[in-house]
Amino acid sequence: MMPQPVTADPLRGCARPAPAPGPVERANLLGMARPRLESFFESLGERPFRARQVLKWVHARGEGDFESMTDLGRALRARLAEVAEIRAPDVEGRRNSGDGTRKWLLRVDSGNCVEMVFIPEGRRGTLCVSSQAGCPLDCAFCSTGRQGFNRNLSAAEIAGQVWLAVRELDRPVTNVVLMGMGEPLLNFEAVTEAIDLMLEDLAYGLARRRVTLSTAGIVPAIDRLARRAPVSLAVSLHAPDDALRDRLVPINRKYPIAELLAACRRYAAANPKQKITFEYVMLEGVNDSPEHARALVALLRPVPAKVNLIPFNPFPGAPFRRSPEAVVDGFRERLNGAGIVAITRRPRGDDIDAACGQLAGEVVARAARVRRAALAAVS
Ligand code: SAH
């Protein structure tokens, strides 16, 4: 066997093999929302209220050891230690930015690491979590897409990110955004179960509007989300016409802008108090002209929308440049002048490659083949 490479930078060092799993497959309770946890306890012949006790211990108190769950009784604690576990991803590395942003590299298995970012801003503390190892969508300006796609994260691996962050941080996580690596709506079941835990009063107790799911526009799944877990929705639009969006966000070839905006209108109709956020990465000379701004205004007029302009965050080999500040300002003023609320998202953590689109993690390099297979599966 070839020796595994070892790198010096802890956040680039995802090459160390994880310890081999033990012989027993234990149920990981970390990703079970209340109904599934109740069924689990019923399968052990226990009363369902045990689920409420365990939710509180694990998520509200950050406990990872059954032995400390003193109100469960000795026999049940011993049984749980045999058949269950509380297992979060392993922290492989941590980096802190000069602006207070923190980034974790998390190992989810021997070949895959994902990244998680915490962004403090006044009293708000936003945790950005990943939903897939890699991403199949291959957006032209995103470094995650470059590595291809390996697999969906489990609910335990997604909720486990929140669990880890809450345990490590000395200030509260007030908001969670599913804006890390991956396309959350291509991992619907695990993502919505993890969202249930974020919203669960006995776990993290976040209000719906404080959980934001960002999607490149998987239209049927937007409708499913409206029924299943109507959290705040952000849509990565990035272009006001199909020809340009086909190039920047290739999933547009399957779900073009008109269908995407129709789904957004349905989502907004089902959640009347909330506007949909449209993300628009500002790429110099590509999508940042006054004509693009005018076209965007016309497009978004019928939708309860707000726009987040994201100055492009570069990564090595990226074929784009960030639009100059004056161009971003002008673009924003045009939208605002036409009555569409637009803000510029300040790049955070760019000194530690933690800004939007810079998350790399590491997935084993069978990228192109797996990406093609995954795209074929959604088309
Ligand atoms: N797959 C989801 C969520 C992950 S990306 C989605 O597409 O929405 C989170 C946001 O960062 C998206 O709006 C994405 O388009 C944007 N983004 C990706 N790469 C970027 C980059 N290099 N600079 C700025 N924003 C980027």
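First, a definition: contact means heavy atoms within 4.5 Å. On that basis, take the contacts in the chain between residues at least 6 apart in sequence; 69% of them join residues at least 24 apart.

Some ground rules. This is a predicted model, where local features need pLDDT of at least 70, side-chain atom pairs count only at pLDDT 80 or more, and totals for chains, interfaces and linings use all residues. Residues are numbered from 1 along each chain as its sequence is written, and side-chain values use heavy atoms, with hydrogens and water left out.

Now the overall picture. The chain has 12 helices and 15 strands. Both are DSSP runs numbered from the N terminus: helices are H or I with at least four residues, strands are E with at least two. Of the 379 residues, 55% are buried. Buried means under 20% relative accessible area, exposed means over 50%, and partly exposed is in between, using a 1.4 Å probe and protein chains only.

Next, a helix pair. How do helix 7 and helix 9 pack? Helix 7 covers residues 219-228 and helix 9 covers residues 257-270; their angle is about 0 degrees and their axes are 9 Å apart. Axes here are lines fitted to C-alpha atoms, for helices over the stretch in contact, and angles run from 0 to 180 degrees between N-to-C directions. The two helices are therefore roughly parallel. The cut-offs are under 35 degrees for roughly parallel, over 145 for roughly antiparallel, 65 to 115 for roughly perpendicular, and oblique for the rest.

Which residues meet? From helix 7, V219, I222, D223, L225 and A226; from helix 9, E259, L260, A263, R266 and Y267. By class, this contact of helix 7 with helix 9 has seven nonpolar, no polar and three charged residues. Nonpolar covers Ala, Val, Leu, Ile, Met, Phe, Trp, Tyr, Cys and Pro; charged covers Asp, Glu, Lys and Arg; the others, Gly among them, are polar.

Stay on helix 9, where C264 lies. C264 is buried, at 0% relative accessible area. Leaving out residues up to four places away in sequence, C264 touches V235, I276, F278 and V303. C264 and V235 are 29 residues apart in sequence, and 8.5 Å apart C-alpha to C-alpha.

On to the rings. Rings of Phe, Tyr and Trp (its six-membered ring) pair if their centres lie within 6.5 Å; planes under 30 degrees apart are stacked, over 60 edge-to-face, the rest tilted. By this rule there are four aromatic pairs. In one of them, F312 and F315 have ring centres 6.2 Å apart and planes at 65 degrees, so that pair is edge-to-face. F312 and F320 are also edge-to-face, at 6.1 Å centre to centre and 75 degrees between the planes. F312, F315 and F320 form one aromatic cluster. F312 and F315 are both buried, and F320 is buried too.

Two arginines sit over rings. That requires NZ of Lys or CZ of Arg within 6 Å of the ring centre and within 35 degrees of the ring normal. R61 lies over the face of W57, 4.2 Å from the ring centre. The charged end of R224 sits over the ring of F188, 3.9 Å from its centre.

Last, backbone. D138 is not a glycine, yet its phi is positive, about 60 degrees. D138 lies in the loop between strand 7 (132-134) and helix 4 (143-146). H238 is in the loop between strand 11 (232-236) and helix 8 (242-248), and is buried at 4%.
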